[in-house]
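The sequence and coordinates are shown first.

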Amino acid sequence: MQDSQYYLECLRQDLEHKVGRTMKTPSDFNVLNLEIQRVMKDSPSTSTLKRLWAYVPDSTSRSMTTLNVLSRFLGYRDWQHYIENLMRSNRIESSFITSTTLLAANLVPGDIVECEWNPGRHLTMEFLGANRFRVVSARMAKLQVGYTFTSMIFSKGNAFFASDVMNGEIALGNYVAAEKTGLTALRYIPVTK
């Protein structure tokens with residue numbers, strides 16, 4: 001199943017859950033439409049909702065406006081925010097990373113990586129080489145200044161994983177940050193020569 005079809009199936013399930021009924025009859029679509037109208041000033045028509053469920057034949061693609069409105073009805077900013085939430089909630093098991101990404105393989109020793117995540121957490125790390133980093137500053141994070149770890153990729157909007165975390169000679173194991181909401185900021189500062 002293509003990602004877009006899977007996203008649409010999740011959207012349909014979430015809408016059915018929100019209104020407490022499956023969309024099987026014309027009256028089900030009327031109830032959904034009325035519920036959306038009660039909450040939102042702009043609402044897709046009942047026939048648009050029927051096409052989304054393939055209740056009636058349709059050869060057109062889904063309107064981004066419709067997907068944005070339905071996503072807002074579910075409590076998200078827009079369709080993209082809805083999809084990002086699906087990814088974070090592990091309802092999507094795999095996908096290509098399309099957000100800002102830094103690969104350790106592209107760094108040189110001395111490069112700095114800064115990342116932030118909620119609530120108010122911040123790490124500044126120096127690349128040591130061979131996928132190893134040293135924490136040079138930390139705010140409200142479990143990784144502390146001086147800790148070293150291995151990481152291969154940093155991706156805004158996704159969780160951050162550190163393996164082989166060391167505090168001097170003491171092995172601390174593996175670590176994950178921003179597991180639910182993903183990194184909110186990611187910056188790269190190249191070493192000055």
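Cysteine 10 is buried, because its relative accessible area of 2% falls under the 20% limit. Cysteine 115 is buried as well, with a relative accessible area of 0%. The model is a predicted one, and the count of disulfides in it comes to zero.

Seven strands form an open sheet in the order 8-7-5-4-3-2-9, and the pairing is antiparallel. Strand 8 and strand 9 (185-189) stand at the edges; each has a single partner strand, so one side of each has no neighbour in the sheet. From one strand to the next, the twist averages 30°.

Several of the pairings can be followed across the sheet. Strand 2 pairs with strand 3 over six bridges in the antiparallel sense, and glutamate 114 has threonine 124 of strand 3 as its bridge partner. Threonine 124 in turn stands opposite serine 137 in strand 4, where seven bridges join the antiparallel strands 3 and 4. Further along, strand 4 and strand 5 (residues 148-150) are antiparallel and share three bridges; here arginine 132 is set opposite threonine 150 of strand 5.

Strand 5 also pairs with strand 7, antiparallel, over two bridges. In strand 7, methionine 166 is the residue opposite threonine 148. The bridge partner of methionine 166 in strand 8 is alanine 171, and strands 7 and 8 pair in the antiparallel sense over six bridges.

| Hairpin | Residues between the strands | Residue with positive phi | Phi |
|---|---|---|---|
| Strand 2 and strand 3 | three residues | glycine 120 | near 70° |
| Strand 3 and strand 4 | two residues | alanine 130 | near 50° |
| Strand 7 and strand 8 | two residues | glycine 168 | near 65° |

**Nonpolar cores**

The largest nonpolar core has 24 residues, of which Leu143, Phe149 and Phe160 touch the most other members. Two or more residues of this core come from each of strand 2 (112-117), strand 3 (121-129), strand 4 (132-139), strand 7 (160-167) and strand 8 (170-177). What is phenylalanine 160 in contact with, leaving aside its neighbours within four places in sequence? The list is Leu123, Met125, Leu143, Phe149, Ser151, Phe154, Tyr175, Val176, Ala177 and Leu183. Another core, of 23 residues, lies apart from the largest one and has Phe29, Ile36, Trp53 and Val69 among its members.

Helix 4 is mostly covered, with seven of its ten residues buried. These are Thr66, Leu67, Asn68, Val69, Leu70, Ser71 and Phe73. At the start of helix 4, the backbone nitrogen of threonine 65 has a side-chain oxygen of serine 63 within 3.1 Å. Glycine 75 follows helix 4 and has a positive phi, near 105°.

Beyond residues within four places in sequence, asparagine 68 is in contact with Asp78 and Trp79.

Arginine 72 also lies in helix 4 (residues 64-73). Is arginine 72 buried or partly exposed? Its relative accessibility is 34%, so arginine 72 counts as partly exposed, between the limits of 20% and 50%. Not counting residues up to four places away in sequence, arginine 72 touches Met40, Asp42 and Arg77. Methionine 40 is 32 residues from arginine 72 in sequence, and the C-alpha to C-alpha distance is 8.4 Å.

Helix 5 (residues 79-88) has Trp79, His81, Tyr82, Ile83 and Leu86 as its buried residues. At the start of helix 5, a side-chain oxygen of aspartate 78 comes within 3.3 Å of the backbone nitrogen of glutamine 80.

Key:
Residues numbered from 1 in each chain as written. Predicted model: local features only at pLDDT ≥ 70, side-chain atom pairs only at ≥ 80, totals over all residues. Heavy atoms only, no water. Disulfide = S-S within 2.5 Å. Buried < 20%, exposed > 50% of the residue type's maximum accessible area, 1.4 Å probe, protein only. Core = buried A, V, L, I, M, F, W, Y, C linked by side-chain atoms within 4.5 Å. Helix = DSSP H or I, 4+ residues; strand = E, 2+ residues; numbered from the N terminus. Contact = heavy atoms within 4.5 Å. Pairing = 2+ DSSP bridges. Axes fitted to C-alpha atoms, helices over the stretch in contact; angles between N-to-C directions. Polar contact = N/O pair within 3.5 Å; in protein donor to acceptor, adjacent residues only side chain to side chain.
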